[in-house]
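This report walks through a few local features of one protein model. Please look over the sequence and the model before reading on.

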Amino acid sequence: MEATRRTALSAMGGASLLAASIGSARAATPKVTPQRLWYRQPAKEWVEALPVGSGKLGAMVFGGVAAERLQLNEDTLWAGGPYDPANPESLAALPEIRRLIDAGEYAKATELADAKFLGVPKRQMSYQTIGDLKLDFPGLAEAGADYVRDLDIDGAIATTSFTAKSVRYLREVIGSAPDGVIAVRLTASRKASISVDLSFASPMKSKPVTTVDGTSLVLTGANESQQGVPAKLSFECRVEVRARGGQVVGQGDKLSVKGADEVLLLIAAATSYRRYDDVSGDPAALNKATLAKLAGKPWTKILAEHQADHRSLFRRVGVDFGRTRADLLPTDERIRQSPTTDDPSLAALYFQYGRYLLIACSRPGSQPANLQGIWNDKTSAPWGGKYTININTEMNYWPAEPTNLPELVEPLIALVQDIARTGERTAKVMYGARGWVAHHNTDLWRATAPIDGAKYGVWPTGGAWLCKHVFDHYDYNRDPAYLARVYSLMKGSARFFLDTLVVDPKFGVLVTNPSLSPENNHSQGTSLAAGPTMDQAIVRDLFDNCLKAEVILGADKAFVAELKAARDKLAPYKIGKDGQLQEWQEDWDATAEDLHHRHVSHLYGVFPSDQIEVDTTPKLAAAAKTSLLTRGDLATGWAIAWRLNLWARLGDGDHAHDVLKLLLGPERTYPNMFDAHPPFQIDGNFGGTSGMTEMVLQSRNGRIYLLPALPSAWPTGQMTGLRARGAVGVDVRWAGGKLMEAVLTAKLDGRHTVVHAGSTLEVEMKKGQSVRLVARGGALARA
């Protein structure tokens with residue numbers, strides 16, 4: 001059928017080939033490109049607006065005609081101020097909580113933990129918003145002719161264009177990392193056609209908006225107190241107006257431009273935050289310095305440097321899963337129709353959109369991507385917009401290493417360095433332990449104590465999970481100097497568990513206690529337990545990665561001996577009576593409160609870890625599959641994304657693709673392609689990008705797997721520029737469902753084991769060398 005006919009095209013081009021394959025349909029659609037979200041109408045809801053970001057600054061662009069709204073964020077504008085939530089009553093209560101759990105008195109243990117073992121306060125601080133920059137255009141109607149609103153994710157630019165009164169208007173918005181601003185350019189096809197009134201609308205405590213020198217609009221204010229933690233931050237947002245032609249006039253709390261040929265807005269924002277324990281910064285001075293560096297710099301140069309910077313990251317990876325006529329539809333229509341439409345390039349767009357979002361919200365020197373990346377329009381964001389480290393923050397960074405964005409992990413490593421400091425006090429005060437600990441959330445102030453309630457927060461392995469990312473960054477890049485710098489983070493986390501693991505009196509193994517399987521109540525009416533499967537897997541990874549680092553850096557013999565002894569006594573995986581991988585030490589899975597719970601924490605060993613594999617631990621992999629089937633595919637957005645990665649790891653590409661279809665559907669993807677929990681959480685976007693990578697390339701346990709879970713829905717395609725562990729670049733191309741070629745490029749000298757369809761090949765490579773592999777007669781071979 002013509003509607004489903006495909007043409008294999010490169011991800012960076014191929015529009016002319018597509019047009020040839022579908023005839024005149026292209027003529028009705030502006031600019032066909034697979035790297036673009038586009039719409040025929042302005043955004044009415046926040047989840048229809050389009051995101052741009054510089055790493056530290058974010059803006060949501062609504063694309064209105066008579067009135068434009070730019071909702072603004074700065075990544076250090078959070079509620080509260082420096083605080084230490086470590087609870088001094090916890091240490092005395094710890095032995096009794098453990099005793100109650102060992103005795104099976106789980107409800108009493110939970111009651112005591114709620115009273116004595118939570119942080120003070122029991123909630124953390126929320127990410128907040130600056131508010132809106134409003135652009136009102138007098139004389140323009142609410143709608144324009146030939147309207148198009150789009151986001152070019154290759155060029156990192158949001159554009160709105162339309163015609164009104166025979167004039168073609170163009171509005172462009174970027175988030176520039178090199179210049180540290182949001183920049184807006186307004187142009188028109190007829191001179192003297194641009195008139196705009198600029199004003200702020202902010203929900204924050206702010207002073208009256210002022211105009212400076214008739215060319216700048218300034219909003220100053222303060223953050224909010226929350227949970228009894230006093231507000232300690234001041235902020236400023238400053239808009240510099242450059243008009244060519246016409247007049248710029250300050251009118252109270254507004255700036256008005258009248259009859260200009262072109263207008264350029266440069267938006268800078270900052271807070272007084274310097275570090276989690278230092279709020280002495282001067283946001284006004286920071287903004288003035290940012291804008292002073294742009295004096296005399298034209299839009300063309302600002303745009304060129306921004307796009308060169310973005311593309312140096314974005315264009316490292318290309319993807320093509322095939323193309324159909326569905327490409328021609330606006331993005332919101334494609335999402336609505338995706339459950340019943342063959343649209344493989346929507347998946348490719350979603351893949352690259354995840355990479356675009358990470359580039360826009362996580363840069364060296366910025367805060368890490370939080371639950372909403374950097375984009376949030378509320379003073380109290382959903383779940384505080386925090387760093388939820390029992391899955392969500394980690395999922396944000398799953399695609400960073402394999403999709404060739406390792407620099408973007410730096411903010412996450414910096415966060416771990418911070419919480420290792422604050423978590424050291426939490427470990428000492430609440431556990432009487434060495435090292436450091438973080439529980440299931442942290443915030444701008446790097447709080448590390450348990451929060452929200454015992455059945456959510458008393459989970460001590462959040463910091464240990466983040467240490468996997470610390471080591472993964474080494475494993476993908478193999479820089480021993482980096483490992484030497486960060487190893488103390490891993491070692492400190494391991495010391496905490498060496499001090500706090502206890503012997504389970506029933507099973508005689510070392511376990512965490514108290515703990516829980518994140519957010520999932522077992523059959524005893526609560527979640528608290530000893531030694532949940534996820535904890536044992538995370539601690540096993542932590543100990544194993546420490547042991548690897550010790551070999552690389554020079555062994556601390558006493559520490560190595562202590563690690564090995566403890567690792568060998570960790571509780572092993574268990575297969576339950578229904579053939580499932582047990583979530584707890586007890587076989588409670590079948591009687592748990594929610595058999596379809598969103599979290600699949602006990603399957604951590606399958607993904608993101610590699611402790612359980614189809615080829616090396618088949619019985620455990622089969623048990624994990626049984627658990628996954630019981631949980632079901634439909635869940636919250638991020639939970640669907642986790643399932644996608646798990647099915648890819650289990651080698652079932654068609655099931656993985658079915659799960660991907662759920663993720664891309666309108667129930668779990670908003671019109672602007674943000675992931676829907678619901679509400680919006682960005683982790684599902686990043687998890688989706690990771691899952692598609694896992695379908696085409698996996699690197700685990702010293703082996704590189706080519707097309708390990710290729711779905712039949714993508715018979716022909718390619719992914720280029722990916723990365724494998726061991727500092728190896730990988731390009732993969734396939735046709736007819738079969739590998740055509742893979743090109744490996746070595747960053748360092750090394751030997752690599754490559755696996756495809758049961759065939760294994762050892763490849764020795766020198767730094768900078770590329771090797772082309774093909775499949776011949778069912779076996780891998782050098783070309």
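## Sheet, helices and cysteines

Strand β15 and strand β16 (residues 254-260) run antiparallel and are joined by five bridges. Across this pair, Q251 stands opposite K254 in β16. Strands here are DSSP runs of E with at least two residues, helices are runs of H or I with at least four residues, and both are numbered from the N terminus. Two strands pair if DSSP finds at least two bridges between them.

The model is predicted, so local features need pLDDT of at least 70 and side-chain atom pairs count only at pLDDT 80 or more, while totals for chains, interfaces and linings use all residues. Residues are numbered from 1 along each chain as its sequence is written, and side-chain values use heavy atoms, with hydrogens and water left out.

β15 and β16 belong to an open sheet of seven strands, ordered β2-β3-β4-β5-β10-β16-β15, with antiparallel pairing. At the edges stand β2 (50-53) and β15 (247-251); each has a single partner strand, so one side of each lacks a neighbour in the sheet. From one strand to the next, the twist averages 20 degrees. Helix α7 (residues 344-361) packs on this sheet and touches β2 and β3 (57-61), where contact means heavy atoms within 4.5 Å. The direction of α7 makes about 45 degrees with that of β2; such angles run from 0 to 180 degrees between N-to-C directions, and axes are lines fitted to C-alpha atoms, for helices over the stretch in contact.

Another antiparallel pair is made by strand β32 (residues 770-776) and strand β33 (residues 779-782), over four bridges. V774 stands opposite A781 in β33. Two residues lie between the strands of this hairpin, in which G777 takes a positive phi near 60 degrees.

Helix α13 (residues 533-553) packs against helix α14 (residues 557-567) at an angle of about 150 degrees, with the axes 10 Å apart. The two helices are therefore roughly antiparallel, a term for angles over 145 degrees. Among the residues that meet are F543 and L547 in α13 and F559 and L563 in α14.

How many disulfides does a search of the whole structure find? The search finds zero, a disulfide being a pair of cysteine sulfur atoms within 2.5 Å. The sulfur of C237 is too far for a bond, because the closest cysteine sulfur, in C361, is 19 Å away. Both cysteines are buried (under 20% relative accessible area).

| Cysteine | Relative accessible area |
|---|---|
| C237 | 0% |
| C361 | 1% |

Technical notes:
Buried < 20%, exposed > 50% of the residue type's maximum accessible area, 1.4 Å probe, protein only. Parallel < 35°, antiparallel > 145°, perpendicular 65-115°, else oblique.
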